[in-house]
Amino acid sequence: MELLTDRFGRVHDYIRISVTDRCNLRCVYCMPEEGLKFLPHEEVLQKDEIIDFMKIMVQFGIKKVRITGGEPLLRTDIVEIIRGISAIPEIEDIAVTTNAMYLAKKAEALKEAGLTRINVSLDSLHEDRFREITRGGRLQKVIDGLKKAEEVGLFPIKLNVVLIKGQNDDEILDFLDFTKDKEINIRFIEYMPIGHAGNSWKEKYLSLETIFEKCKEQGLEYEPIDTVTGNGPSENYRLKGAKGSFGLIHPVSSHFCDNCNRLRLTADGYIKACLYWDEELNIRPFIQNDPEELIRLVKQSIDNKPENHEMALKLQDENTSHKPTWRRMSQIGG
């Protein structure tokens, strides 16, 4: 089997597929307050296109898939998409990243369709603050969704917490406490400059070294672990005596590009080899008509993939070697 390998020897066996750019929330780090103009439905990849795309990609070593958005559970055919991908023999792992507003309703059907596990975005454990960060989200729906996911056996459950300076950084210890009695992985994520033309994002940025500082202040002992299931760049730790764990994803202060194995497919059918850079190639016309040209474009994208994304240079007001993406996070899929 020919594997998708870039100039730096990184083998790509994992893809994140955005199935929609639409979302029922407006999280402060993901969308502007006024929202975004969503794609017309006809411009979004259809179920059969997504499944046919994966049937091609597994022939080149792709075996792990994450379904993202926007909010993927807004798709009325999301269960059929999961079922179609899980039926491909070479697929080893299918995950979904969701805001969990619809998770309680759909968790059982998703599990039965072949979903392996979930990541849930949860940036505050306080109802009013959660509503503020998400611009309208209901915390209880997330809690209900997590309970249902646990009930149907979607393990491991990971919670994605974007650390926002002055907004939720005082909840670090609360999230760490959350891991003591629950088999859950809390993943702290640095605020990223995705889709931000200016420097306003820096006002919200906080290095994840803050997590260790909080542990030290409280006398909390922790140790590194490597037993958390998943395909992402998280560095994982466990508090002494805790059932769960916590992870750090720090793309800005300490980029994770050296072992990047990820490709991304946007909801409108563009392949992206790097989350941050502007380069993307339209492969939709070839999914069902010309698989050879599709793979040629995928390989071209990988060949053009930079050694690292250089987000740290933006933090330091230095010039980057490539043009950053115009898309907001919800338009890429994370």
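I started at C274, which sits in the loop between β13 (270-272) and β14 (281-282). For my own record, helices (H or I, at least four residues) and strands (E, at least two) are DSSP runs, numbered from the N terminus. C274 is buried, at 12% relative accessible area. My cut-offs here: buried is under 20% relative accessible area, exposed is over 50%, and partly exposed is in between, with a 1.4 Å probe and protein chains only.

Before going further I noted the ground rules. This is a predicted model, where local features need pLDDT of at least 70 and side-chain atom pairs count only at pLDDT 80 or more, while totals for chains, interfaces and linings use all residues. Residues are numbered from 1 along each chain as its sequence is written, and side-chain values use heavy atoms, with hydrogens and water left out.

**The annotated site**

Next I checked C257. It is in the loop between β11 (245-249) and β12 (262-265). Buried or exposed? C257 is buried, with a relative accessible area of 7%.

Then I went through the backbone. Most residues other than glycine have a negative phi, and most peptide bonds are trans.

I found a cis peptide bond joining G69 and G70, with omega about 20 degrees. G70 belongs to the loop between β4 (64-68) and α2 (78-86).

The bond from F155 to P156 is cis too, and its omega is near -5 degrees. I placed P156 in the loop between α5 (139-152) and β7 (157-163).

**Positive phi**

Which phi does A100 have? It is near 75 degrees, a positive value in a residue other than glycine. A100 is in the loop between β5 (93-98) and α3 (103-113), and I logged it as buried, with a relative accessible area of 0%.

R135 also went on the list, with a positive phi near 55 degrees in a residue other than glycine. R135 lies in the loop between α4 (127-134) and α5. I have R135 down as partly exposed, at 30% relative accessible area.
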